[in-house]
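Subject: Structure for you to look at

Hi,

Here is the structure we talked about. My notes follow below it.

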Amino acid sequence: MASLLGHEAAVFLPSGTMCNEIAMRVHCRPGDEMLAHRTAHPIHFEAGGPAALAGVNVSPLDGPRGQFDADAVTAAIRPEPSESRRA
């Protein structure tokens with residue numbers, strides 16, 4: 001596949017779950033929170049995988065037909081803890 005697409009190498013990921021877990025590990029740091037629609041695959045079918053494998057908490061968002069808007073995302077973002085509360 002790599003040569004077909006003009007690349008030197010490729011990584012074979014045999015499942016969508018594996019792809020999702022690697023993507024979360026690449027894009028998030030342990031302790032981060034990922035926002036996803038409440039019907040999203042990681043919430044329903046990956047159980048504690050995001051937490052166990054990437055250290056990521058997945059929080060559900062509502063919206064019609066599996067979609068949410070910017071207002072829902074803004075409302076779901078938690079404020080950063082203050083320096084005094086981190087210690």
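Leu4 counts as exposed, because its relative accessibility is 67% (buried is under 20%, exposed over 50%, partly exposed in between; 1.4 Å probe, protein chains only). Leu4 sits in the segment before helix 1 (16-27). With Met1 and Leu5, Leu4 forms a nonpolar surface patch of about 400 Å² accessible area together. Patch members have over 30% relative accessible area and no salt bridge, with nonpolar side chains joined within 5 Å.

This is a predicted model: local features need pLDDT of at least 70, side-chain atom pairs pLDDT 80 or more, while totals for chains, interfaces and linings use all residues. Numbering runs from 1 along each chain as its sequence is written, and side-chain values use heavy atoms, without hydrogens and water.

There are two salt bridges (a side-chain nitrogen of Lys or Arg within 4 Å of a carboxyl oxygen of Asp or Glu).

- Arg78 pairs with Glu33, closest N and O atoms 3.0 Å apart. The pair links distant parts of the chain, 45 residues apart: Arg78 is in the loop between helix 4 (70-76) and helix 5 (83-86), Glu33 in strand 1 (residues 33-37). Arg78 is exposed at 57%; Glu33 is partly exposed at 27%.
- Arg38 pairs with Asp62, closest N and O atoms 2.4 Å apart. Arg38 lies in the loop between strand 1 and helix 2 (41-45), and Asp62 in the loop between strand 2 (57-61) and helix 4, so the pair ties together parts 24 residues apart in sequence. Arg38 is partly exposed at 39%.

Best wishes

Methods: Patch = residues over 30% accessible without salt bridge, like charges linked within 9 Å, V, L, I, M, F, W, Y side chains within 5 Å. Areas by Shrake-Rupley, 256 points an atom, 1.4 Å probe, with all protein chains shown as cover. Helix = DSSP H or I, 4+ residues; strand = E, 2+ residues; numbered from the N terminus.
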